[in-house]
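Subject: Structure for you to look at

Hello,

Here is the structure I promised to pass on. Please open it and keep it beside this email while you read.

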Amino acid sequence: MYLTMKRQVLFISVLCLSSVLGQISYSIPEEMAKGSLVGNIAQDLGLDVKRLKSGKARIFTKGSAEYIELNKEKGVLLIKERIDRESLCGQSTPCALHFQIILENPMEFYSITIEIKDINDNPPAFEKNDVEIKISESAANGATFILDRASDLDVGENGLQTYILKPTENFALKMHNQADGTNNVEMVLQTPLDREKNEQISLVLTAIDGGEPQMSGTMQILITVLDANDNAPVFTQSVYKASIRENAPLGTVVTRVTATDADHGSYGRISYSISSMMDYARGIFEINENGDVSLVANIDYEKAKHFQINIRASDGGLTGSCKVIVDVLDVNDNKPDIHIMSKSNVISEDSKPNTVVTMINIEDADSGENGEVKCNINDDIPFVMKSTSNNFYSLVTDSDLDRERVSEYNISVTCSDEGVPSLSSSLILNLKISDVNDNAPVFEKASYEAYIVENNTPGLSIFTVKARDTDWNQNARVSYILEDSSVNGVAVSSYVSVSADSGVIHAVRTFDYEQIKDFQFCVKAQDGGSPPLSSNVTVKILIQDQNDNAPQVLYPVQSGGSLVAEMVPRSADVGYLVTKVVAVDVDSGQNAWLSYKLQKAPDRVLFEVGLQNGEIRTIRQVTDKDVVKQRLTVIVEDNGQPSRSATVNVNVAVADSFPDVLSEFTDYTQKEYNDNLTFYLVLALAVVSFLFITCLVVIISVKIYRWRRERLFCKSSGNLPVIPYYPPTYADISGTGTLKHVFNYDGYGTTDSRKSDMKCIRPFSQSTLSVDHSGMRTVPRQNPGSEDLIIEDIA
């Protein structure tokens, strides 16, 4: 028995202790008899035959047909059904069967690939056994005629290789390689035809493959020689390219081909036909008398990605040809298929992380992004979906389990492709948790996020955190405590509070989105046991913006004291940029999306404002009827609900020179602002006069006060007797104290540095007195030799 076998074993990284993934490949020819040996799978995988029996080894295939069976007694793979490579794969190469061998206790699976080799069991065949071609006797040497191609279901060397044309007195055979790997067959005229000598010529075209033994097919060609028709149809393009989406409705026109013939009458009348197509493309397209190539059968991207159509144009004698290459565009029309390979219904709550629960296989018949599949499971469960290899996923434990918190899980597995729109499939896996012990408070979520709209009422309930304790009675009574922390340097307790019994979080203050957008804090859940057990959770509060700020116009600046106008020359073209209104909104998101529009405009509208950019432009040519001075009122609105707006007035002067503008706007300016300007000028003059008089009185009063004080001080120094008297606020210190060498200073200053003065009293020899707190008295000194008060001036 002919059997070619190659083995390739590739072990992929082990995801968990109970899951091993391997891959092995075999190669066999097609058409093997039922019961033929494929390979010793036990030996190639390094497994004991007893392991195959104890592990309940079985074959898992995604398709409906099973061609291979497993003999667990001998550990070998056998042919279950006859395999026809052409029925299984068509022209696709390589052709292979893919399946998995599943074992349990512990759970393992191995990927098996069996490549099906082609044998030469199909001869080349033509679509027609005979064909009739009419050729004018005026056809020049070198004229080419497209012949129908043969098809061979085999591939590679066993497929179609060459053609032979006999006899060769008048015609020779020429072949051109095509983009799809096939040969385009042409018959080339080598010697002129003479209808009077030979009205009909019979040829035989033979197609030969390269297999062993070699096989062939023939087609009879009957050539009828016509009278002179010296201009053949010529297509405008030699190659037409088009594309069509799969599942396009029948009758869709793919493209139109056009050929012309310089002849007149019947010789210039052109008919179109499809000359030849591959087997898989036959009957899918047709062409009408106008050259429209239309779809007449359903196409599927998963079966054929492109088609090549050979079009023949004939004027009754001569022919021309062209090619139409049609690319099929993939449409996301296939949902992912989910196949459960193995699963567990019960798992212990003390199972370690990465314990395999279920293994699934995913397939999507689409291509590219439409066939890329990602699987996800519902959130907040201690499981995760991991990709073990291409299209294989394992559902494994992600963290410790707690039966007292959740005794049963309904795990939603959703597999979505990357197409637009995305297609998805889902299933529910039910998993029960067997009991072990657990008794600490646990929050329902690892972290919380909550939203609150700004400008809220203090005391508003934001949301609730919840923790559960599987203990009983006092130990299960949970209290909620707000952990000490700060937000922007302020205690978090000034932002939120937590109800100790219910876990409801309340807002303590009113939030402003423009000042703070989010903050987070920790909440502790503590049970009533002794000692108490606790757990923490992070809570993030997100402040949502309200439309509480109206737009602010930055330009043009509105001034009540002067008139600013934009000048538009009378020669301005349509679309002339006059000015641009610039505004901002301190809100966020759509509340800050601004739009501009004119509130009112002259009867003959000359201007428009851009809805998004605020640009004011002319929408027509300026005419003599347009007034020089025009005022536009622009409304700026945000996109909030309800929306807020601001208005701005824009003065526009339609003139070619500044004097024209000035003359037109003089009366207008005075009318607008003359009354207000007079009022503000009078008010400003009164205020300035009042301030000037007040400052003058204060300065004169200060000068007089200082002059009188100087004179009084100087007279006292020269004429007053020394009186041995100490004021009540002064303290006598004996001569033995530590403060002997002390000066007492009395200083005063003015804005004029030349008139500043400082009084200094020499140090006492026997006693020192403390300075009066009023700062207005000098310190007396008792001199042993004299009882005069000595004061020195220091300039």
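Start with lysine 166, which stands opposite valine 204 in β16. This is a predicted model, so treat every value below as computed from it. Lysine 166 is within the range of β13, which runs over 160–166. β13 pairs with β16, residues 200–209, in the antiparallel sense. Six bridges link β13 and β16.

Now step back to the sheet. Four strands form an open sheet in the order β10-β17-β16-β13. The pairing in this sheet is mixed. Which strands are at the edges? They are β10 (130–136) and β13, and each pairs on one side only. From one strand to the next, the twist averages 25°.

- Proline 106 sits in the loop between β7 (96–103) and β8 (108–117).
- Find proline 213 in the loop between β16 and β17 (216–226). β16 and β17 also belong to the four-stranded sheet.

Look at asparagine 354 first. Its phi is positive, about 75°, although it is not a glycine. The loop that holds asparagine 354 lies between β28 (346–348) and β29 (356–363). Is asparagine 354 buried, exposed or partly exposed? It counts as partly exposed, because its relative accessibility is 32% and that class covers values between 20% and 50%.

Asparagine 488 also has a positive phi, about 55°, and it is not a glycine either. It lies in the loop between β40 (486–487) and β41 (490–491). Asparagine 488 counts as exposed, because its relative accessibility is 64% and the cut-off for exposed is over 50%.

Last, asparagine 591. Its loop runs between β49 (582–584) and β50 (594–600). Asparagine 591 is buried because its relative accessible area is 10%, and buried means under 20%. What does its side chain join in a polar contact? The partner is the side chain of aspartate 545, at 3.1 Å. Leaving out residues up to four places away in sequence, asparagine 591 touches Asp545, Gln546, Asn547, Asp585, Asp638, Asn639, Gly640 and Gln641.

Best wishes

Terms used:
Residues are numbered from 1 along each chain as its sequence is written. This is a predicted model: local features need pLDDT of at least 70, side-chain atom pairs count only at pLDDT 80 or more; totals for chains, interfaces and linings use all residues. Side-chain values use heavy atoms; hydrogens and water are left out. Two strands pair if DSSP finds at least two bridges between them. Helices (H or I, at least four residues) and strands (E, at least two) are DSSP runs, numbered from the N terminus. Axes are lines fitted to C-alpha atoms, for helices over the stretch in contact, and angles run from 0 to 180 degrees between N-to-C directions. Buried means under 20% relative accessible area, exposed over 50%, partly exposed in between (1.4 Å probe, protein chains only). A polar contact is a pair of N or O atoms within 3.5 Å; within protein, one must be able to donate a hydrogen and the other to accept it, and residues adjacent in sequence count only if both atoms are side-chain atoms. Contact means heavy atoms within 4.5 Å.
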